[in-house]
Amino acid sequence: MKRISMIMAWVLGLGWTVWAGDGRDTIAEAGTTLAHLEEYHSLQAITDASFRKNPVQRWQQYATNLLEVAAYYNSRGEDEAFVLQAGNRQWAVGGRVDSYYQLGDRNVVWGGASYQQGGRKNVKWNSTSDFQAVYPYVLADSMGGNLDSERYTFYGGCATRLGNWMIGEELTFRAEHEWRTYDPRPRGIVTDLLARLGGAYDWNEYRWGVGAGFHFYKQTNDVDFYQEAGVIPEYQMTGLGEDYERFKGTNNSAYYKAAGWLLDVNILPQDCKGIWFAAEMGLSPYRRVITTLNALPISKLNVWDYSATAGWNAPSGRWYALAGMKLQRRLGNELIAGSSSSNDYQELGYLTMYRNRFLNINGVGGWNMAGFETRVEAGFQNYKATYEYPSREMSFSKVYGRIDARWKKMLGEGGKLSVSGYAAYYHNIDDELQMPYALMDEARAAMVRQCALMAQSSYLTAGGGARYDWLPRWKAPFGVFIDLQGGYRGNKETSGYEVSASAGLFF
Amino acid sequence: MKLLKYITVVFCVVAGALTGGCDDEYTDYYTSAEVTVVAPDTVQILQIQGVCAVTCLSNDMSYQSSTWNGKTVTFNNVLRGPYSILVSGTAMITTRAGRREVHNFRASSSYAEFMEHPTSVELQMLLLQ
């Protein structure tokens with residue numbers, strides 16, 4: 001009954017209400033819970049979590065159970081936007097719940113939910129939500145403006161052990177709404193679902209796992225004009241400042257649809273000590289369909305993601321190291337639209353006009369000791385985007401180094417303070433920008449120059465923060481925490497800040 | 001052990017099939033196009049001087065040529081797609097009566113598909129006084 005209640009609670013995103021009333025176990029574990037928070041917040045845990053995407057690999061990810069409920073606020077701002085299409089100010093305030101529970105000796109479940117409201121300021125050359133997912137095929141105008149948004153997320157998963165076999169499944173869902181209340185008035189409504197299945201077999205001290213995932217994405221996107229003052233043209237952007245000239249103007253209503261997949265393979269030591277390996281590949285094919293042109297699919301963007309990482313965790317638990325690569329390829333296939341009859345266009349074929357490749361290779365080393373941990377990373381990035389005709393190209397290569405450190409100490413009765421900091425420098429070693437400026441209007445040329453300037457600049461980022469967890473002795477079934485973080489990012493052109501604050505309860 | 005081998009093989013086959021099946025790149029970008037002007041039945045074209053301009057409807061890019069091979073202008077390496085065509089110039093013709101005359105002329109099409117390799121388009125010329 002308890003198990004069923006928990007699963008239902010996670011599904012409804014109300015896990016905390018159930019567990020707030022069931023405090024006996026957590027009081028009994030109170031003495032260790034505070035210490036065991038470490039396994040959730042340590043630098044190594046955060047690093048490991050980014051590779052444990054297959055649900056079966058979340059088995060034994062943590063030795064203790066945790067339910068955390070928090071309210072949060074985060075914000076960033078820049079004098080000039082690092083990414084023009086993302087705006088130069090962003091803020092969000094919301095609440096979240098996250099949980100991880102071991103149920104008996106055969107099941108692990110985890111889940112969470114969040115809701116947030118936020119906004120962005122001075123968004124330019126982008127009237128579409130989820131720019132990072134669907135670029136460069138976005139609707140855009142030269143005016144831009146501020147945007148409001150709200151977002152819901154839910155996720156939940158389960159890993160089950162059956163002898164030497166394990167199976168796992170996980171569902172992640174996001175719904176997002178973004179809008180503006182003055183002309184031009186873009187509106188984007190996003191639903192994004194990722195379902196993952198995994199299986200693993202324990203053999204020879206290792207857990208050999210494979211998994212598959214299915215990605216379903218939909219965004220409806222339109223731009224309206226309500227004022228009598230008139231309208232400005234909306235462009236169907238196609239990459240590096242180019243747009244689909246034939247359909248610019250008033251074709252302001254479109255939707256994106258993707259049904260993608262991913263595959264992963266991973267080999268982890270059963271006791272998490274020793275050499276491990278994880279690799280994943282996936283495809284998300286985003287079709288952009290113009291609603292007002294009788295559902296004309298004017299572009300198909302195939303986003304390929306590849307990653308492979310190999311690492312080593314020392315038997316002592318004090319050292320770890322890993323090396324890996326991530327590669328994203330974006331292939332933009334654009335429709336050759338034929339003759340039209342009453343807004344019904346022939347589909348003559350497609351041409352792959354836009355190509356983009358972003359490669360990141362890195363190596364990480366980490367060291368833990370009582371009260372202090374540090375992590376050092378060095379890497380190389382290579383980015384290249386091309387447009388077939390008129391020929392355009394933007395590329396850069398960077399080398400970077402990053403250091404993280406975290407210091408923790410029991411402070412006060414039932415309290416623990418952890419202070420962390422980081423610094424990273426990304427140094428540009430090579431770049432290229434080729435544009436047919438003679439064919440571009442002034443606004444378009446300025447936009448491309450600004451985007452290239454920001455992408456190709458060397459930059460520094462640094463920050464730090466503190467988190468205080470307090471588990472009171474007055475028999476409350478929960479502890480409280482407050483977390484404050486701040487950071488700086490700057491290049492020779494501009495600089496910006498990032499701040500985040502969260503506070504809540506943990507059980 | 002056999003099972004592990006089986007899983008590995010299936011994974012590789014599925015990954016390979018999906019990779020090969022979905023990585024649809026369309027790289028047949030360019031073609032050559034021959035634009036030929038056709039005279040009315042009653043006249044015969046002796047020589048043409050003029051400009052043929054083709055404009056790609058997809059990206060509004062224009063190409064122009066005034067190099068005539070008889071009644072034909074050839075564009076090498078143009079992006080495949082829908083085009084509009086405008087030809088204007090001067091033609092020396094022979095009438096049915098055998099008289100040699102010089103006329104300005106125009107020929108145009110608001111839509112032509114440059115998709116085949118090569119593409120041939122014929123336009124009816126309009127003789128002006």
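One caution before the details. The model is predicted.

Let's start with chain A. Look at strand 2, residues 89-103, and strand 3, residues 107-123. The two run antiparallel, and 15 bridges join them. Strands 2 and 3 of chain A make a hairpin, with three residues between the strands. Which residue of that hairpin takes a positive phi? A:Gly104 does, with a value near 65°.

Now stay on strand 3 of chain A and move on to strand 5, residues 145-162. That pairing is antiparallel too, and 15 bridges hold the count here. Opposite A:Gly118 stands A:Ser149, in strand 5 of chain A. So much for chain A on its own.

Next, chain B. There is one helix, and there are nine strands. Reading from the N terminus, the order is α-β-β-β-β-β-β-β-β-β. How much of chain B is buried? Of its 129 residues, 18% count as buried. Then there is contact range. Take the contacts in chain B with a separation of 6 or more: 66% of them come from residues 24 or more positions apart.

Chain B also has an open sheet. Four strands form it, in the order 4-5-1-8, with mixed pairing. Which strands sit at the edges? They are strand 4, residues 68-69, and strand 8, residues 119-124, of chain B; each pairs on one side only. Strand 8 of chain B runs parallel to strand 1, residues 30-38, and six bridges join the two.

Last topic, the contact between the chains. How many residues does each chain bring? Chain A gives 27 residues and chain B gives 24 residues. On the chain A side, the elements giving two or more residues are strand 7 (185-203), strand 8 (206-224), strand 11 (253-269), strand 12 (274-290), strand 14 (319-341) and strand 15 (344-369). Strand 14 of chain A supplies the largest share of that side, six residues. By residue class, the chain A side splits into 18 nonpolar, six polar and three charged.

A word on area, for anyone about to ask. Interface size is often given as the accessible area lost when the parts come together. My numbers today are residue counts instead: 27 from chain A, 24 from chain B.

How values were computed
Residues numbered from 1 in each chain as written. Chains lettered and ligands numbered in written order. Predicted model: local features only at pLDDT ≥ 70, side-chain atom pairs only at ≥ 80, totals over all residues. Pairing = 2+ DSSP bridges. Contact = placed C-beta atoms within 7 Å. Nonpolar A, V, L, I, M, F, W, Y, C, P; charged D, E, K, R; others polar. Buried ≥ 20, exposed ≤ 12 C-beta atoms within 10 Å, placed from the backbone.
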